[in-house]
Every structure is written in structure tokens, then in C-alpha cells.
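Let's take a walk through this structure together. Please have the sequence and the 3D view open side by side as you read.

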Amino acid sequence: MDQKVIVPVKAVLTNCSSLPVSYVPTPSAPYRQHRKTAQLTLQPGKPPRRHSVPTKAKQAVPLGSRALIWKQDPAVSDLGTRKVFLPGLILQGPRDARIASGAPGIAPVSPNVFGDFIVSPNTDQFDAIHTFAVVRQSLTMYQRALAAGGNAAPLPWQWNSASDTTPLQVFPHGLPNVMNAYYSRADKALRFGDFVPSGATERMFTCRSFDIVSHETGHAVLDGLQPQWLLSGNPPQTGGLHESFGDLTAIFLALSQLDQVEAVIAQTKSNLHDKTFLADLAEQFGLALGRSNGLRNADNDFKLSEVGSEVHALSQVFTGAIYDVLADIFAFERRPAVEDDAAVLHRVADYLRSLLLRALIAAPAFGAGYADVANQMLLIVGTDGKPADYRDFIRRQFTVREVLSGTPLTDQPGAHMMYQPDVRDAAGATQDRRACCGTMNHAEYVESDSIFEQERQALSAWCRDYGGARRDGAAGHANGNAAGNGDGRGASEPRA
């Protein structure tokens, strides 16, 4: 049996080379220190040549920030808050080239050391971040939709021109004690209200709703593309298109985010006609008004003959038709054995969003009706080379809603076939905007200037035809009195 060798620590540090070959040192702290010291005395050799391993090219770090937002609103607890990534440079505010947070009473929010905007929910700073992020996501979504359709140009705000690139101002707390929100072209801004619901003690902030923020952003986006459509002088269906586009913006934005798509699939078991947060819009706001769900339900069966000229109700016909087309195309494209349902729904929504946006741009600049947009969708989907089933889904859903009739608009058959409108706006029908969002009720779109101009013209005509003669007669009478009363005194001189 070999005799155990006891080696002092000093020998480990100074004379390791003289130790027996069978000695295995314990990796103690003194030994590790010895190894580090020994390594410092060694000259580095040439690196080995690796012909088979290419050198990685240096890549620029992508610009962008993470932000914490409500994925629906505080009432939808299943989703809560999530982090999102916003590509591009975002500065203190937050702000970028197209959107600026102009929150009164809220100090500009600075990014953290990682360049991210992560703060606690239900705070003023969170509200500024959440609102900016949803507006930015909405604008980016539609710019991508146009790019997918072959148009990579930026989406302008209505006031943008070669000499005016002013960004859209966003005011999360812009309407204190107001139960609404609106987009203002004159202010170049989105303003969101806050209020205490009846019977409640906690204040509700409309800016915390993913649906409300994206809805109002939808008004701003469409106003940049079709600037005449917001004016109240349009037929009721034109107003319905604007309100519907706001609601559809909320739906499409949710479906542009894979985590929300997966939540929809899990909640509905891939049946979009099952109850889901996707179809219910602005849940917290609806609960504050005493409703069992949101302000509106996209999964509805309304027809044009049932809603009249009230724009809020009228919009649900178009929104419901698009939602049904989405459900039809999704069911058609599903292949659960081959592809995940969430990936299919994400792809289908991406295409339908692009299709609708291009159809809205191609519609008439003034007085557009639902049939104008539906026919453009039929035309574009045929040009895109999609299956004939897509056209059948669009035609059927808009026919059921009494938007399209069975009568062809032209004699051109096949993929270019379009149809006559079914239920139309009555001649001279005016929009009823009383139940709409703050945007549709904003005074600047009610064309009050034209009403004022009618009064000004009436006043001008009266002054020309009657007022001048009366003034001349009054002036003559005053001159006669001033000349005297036959006694040599003027009218203003005292009598005896």
C-alpha cells in the first residue's frame, strides 16, 4: 500500500513541478490562485486557423423599445398587461417622428437604462406609455397592410404635406370628467376622457382601453386617406364606414399580435362565433354604462333595413359583415393537422385587413356607401388571385346584410363581377350622430360653417334688398330733423 504523501500548501504554490505524478491537487482557493498567477506568466500563442468557420459579420443593434401595455383593458383580466416591442427610435415623452405624447399634467416619461418604457400600471406614466404604444401599433399595422398590397408609402395624417410633417399629438388625460374620447383634425390630436362612473368610487380612464385608443386612431388614419368622409354632409352610410373602421381597427390590431390570437383560439376553441373578447369592444367602458359586455358586439346579425340612419347602429352592419367574412375565410383555411390555428387566423386577418384598406382607398372620395366598398373588395380579391371561395364569402355576407343585391353592376362575369346596392340611403338622408363616439360628434366635422354661411348669405340679401332702403329713409328723416323745425333752431337745440 502506497504511503500517503502530505504536501504543504507552500509547495503547491511554489514548487508544483516536484510533486509526485500520482498527486491530484484539491481545487482549493490557494491552488486556484496559483493557476491564475501561472497563467499570467505565459506568452499567448497564435490562434488556431479555422478555415471552415466563417467570421460573423457585425450587425447593427436594431432600434426599438419595449413597452408595458394593457392588452385589452383592465376589465379583461385573462390578458392583463404584456410587454410589446416597438421597433424604431422612441424618445422621451414618449414620442417619435409621427406620434407625440402631449399629456397635460403628466411629466414626459423617460426610457430606462435599456431604452424601454416599463412602469407600473394604473399610473399617469403608464397611461402615457400605453396610449402612445397602441397608437403607434395601429399606424404601423396599416402601413404594413399597404406595403403588403404593393404600396410602401407612409400613411399621412390629414394635415401632412410637403411643408407640414407635424406629428399626431396624443393626450391620455385630455378630457377631464368627460365620458368620451375623440380625434380632432384642427388640434392635430387624440384626446381621451376620464370620469367616475355612476355609483362607483374609482375613476375610469378611456386611454387604458386598447379598443378605445385603437378606435380613435382608426378615425385619424382614415381621415388621412379619405378626408371628406368625416364631414356630416355625407350620406349616413359614409358615417357608418368611419365608425366601423374604428371598431375594425381594434379587432385587426388584436389579431396582429400572436399572443392575443392564441388567446382567441383557446377561448373559442377556434370558433370565432363563440363569445370572445375579440368581438366585444371596450369592455370596461360598457360595464361602466351598465351593459353586460362592451359598447358594441362585432359578431352580430344586423341588416341595413333594421338600423335606419343612426350612425352608431348603422356601423355595426358593416362591422358584422367583415367579422363574418373573417370567420368564413378562417374556417376555409383551417388545417389543424398541418398548421396551428393561431398562425392561420393571424395570416387570414393580415390579408383581410389589407384587402379592406385598399377597398376603402379605392371607394368614392365623397358619399361612399357600403356597396362601393364591398364591390371594391370583390374586385381586388379577384385581382389578388385568391380562391373563388373568398369572393363567395364576401358576396354572401354583404348580400345577407342587404348591402348588395343579386343584380350585377356590370356585364363583366367571373372574378370582376360587381353588384348593385340593395338598401340605399334615402335621397337627402342626413346622419344621426347622437350615439357615436366623440370624433363623430365633434363640432369641426358637423359642417357648421356651411350653416353659418347660409345665415350670412340671408343677412346679406336682406341688407341688399331691404336694409339699404330703410337705412336711407332713416338717414333722410334724421337730416330733416337736424335742419330745424321752421323756427331756426336745430333739432338738438333747446326750446324756450
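This is a predicted model: local features need pLDDT of at least 70, side-chain atom pairs count only at pLDDT 80 or more; totals for chains, interfaces and linings use all residues.

The chain has 496 residues, and 46% of them count as buried. Its secondary structure comes to 12 helices and 11 strands.

Now to the empty spaces. Rolling a probe the size of a water molecule over the atoms shows where empty space is left. How many cavities of 30 Å³ or more does a search of the whole structure find? The search finds 1, and the space in this largest cavity is about 30 Å³. Its lining consists of Leu248, Ile251, Phe252, Ile322, Tyr323 and Leu326. Two elements give two or more residues each to that lining, namely helix H5 (236-255) and helix H8 (311-333). In terms of class, the cavity lining has 6 nonpolar residues, with no polar and no charged ones.

Strand E2 (81-87), helix H3 (124-148) and helix H9 (341-362) are the elements that supply two or more residues to the lining. Which element gives the largest share of the lining of the largest pocket? That is H3, with 5 residues. By class, the pocket lining is made up of 8 nonpolar, 6 polar and 6 charged residues.

Let's move on to a hairpin. In a regular strand the side chains alternate between the two faces of the sheet. In strand E5 (residues 181-184), Ala181 and Tyr183 lie on one side, while Tyr182 and Ser184 lie on the other. Are these four residues of E5 buried or exposed? They are all buried, and both faces of the strand are covered. E5 pairs with strand E6 (residues 189-195) in the antiparallel sense, over 4 bridges. Within this pairing, Ser184 has Ala189 in E6 as its bridge partner. The hairpin formed by E5 and E6 has 4 residues between the strands, and in the turn Lys188 has a positive phi of about 55 degrees.

A word on the cysteines. The count of disulfides comes to 0. Cys207 counts as buried because its relative accessibility is 0%. Cys437 has a relative accessible area of 10%, so this residue is buried too, given that buried means under 20%.

Next, take a look at a loop position. Val423 sits in the loop between strand E11 (419-421) and helix H12 (448-483). With a relative accessible area of 28%, Val423 is partly exposed. Leaving aside neighbours within four places in sequence, Val423 is in contact with Gln237, Leu304 and Glu402. The C-alpha atoms of Val423 and Lys303 are 9.2 Å apart, although 120 residues separate the two along the chain.

Finally, some backbone angles to inspect. A cis peptide bond joins Gly93 and Pro94, with omega at about -5 degrees. Pro94 belongs to the loop between E2 and strand E3 (99-101). Further along, in the loop between E3 and H3, you will find Asn122. Asn122 is a residue other than glycine with a positive phi, near 60 degrees. With a relative accessible area of 47%, Asn122 is partly exposed.

Lys269 also has a positive phi, about 55 degrees, although this residue is not a glycine. Where does Lys269 lie? Its place is the loop between helix H6 (258-268) and strand E8 (280-281). Lys269 is exposed because its relative accessible area is 75%, and exposed means over 50%.

Technical notes: Residues are numbered from 1 along each chain as its sequence is written. Side-chain values use heavy atoms; hydrogens and water are left out. On a 1 Å grid over the protein atoms alone, a cavity is a set of points where a 1.4 Å probe fits but cannot get out, and a pocket is an open set with protein on both sides within 12 Å along at least five of seven lines; lining residues have an atom within 4 Å of a point. Grid points are joined across faces, edges and corners, and a volume is the space filled by probe spheres set on the points. Ala, Val, Leu, Ile, Met, Phe, Trp, Tyr, Cys and Pro count as nonpolar, Asp, Glu, Lys and Arg as charged, and the others, Gly among them, as polar. Buried means under 20% relative accessible area, exposed over 50%, partly exposed in between (1.4 Å probe, protein chains only). Two strands pair if DSSP finds at least two bridges between them. A disulfide is a pair of cysteine sulfur atoms within 2.5 Å. Contact means heavy atoms within 4.5 Å.
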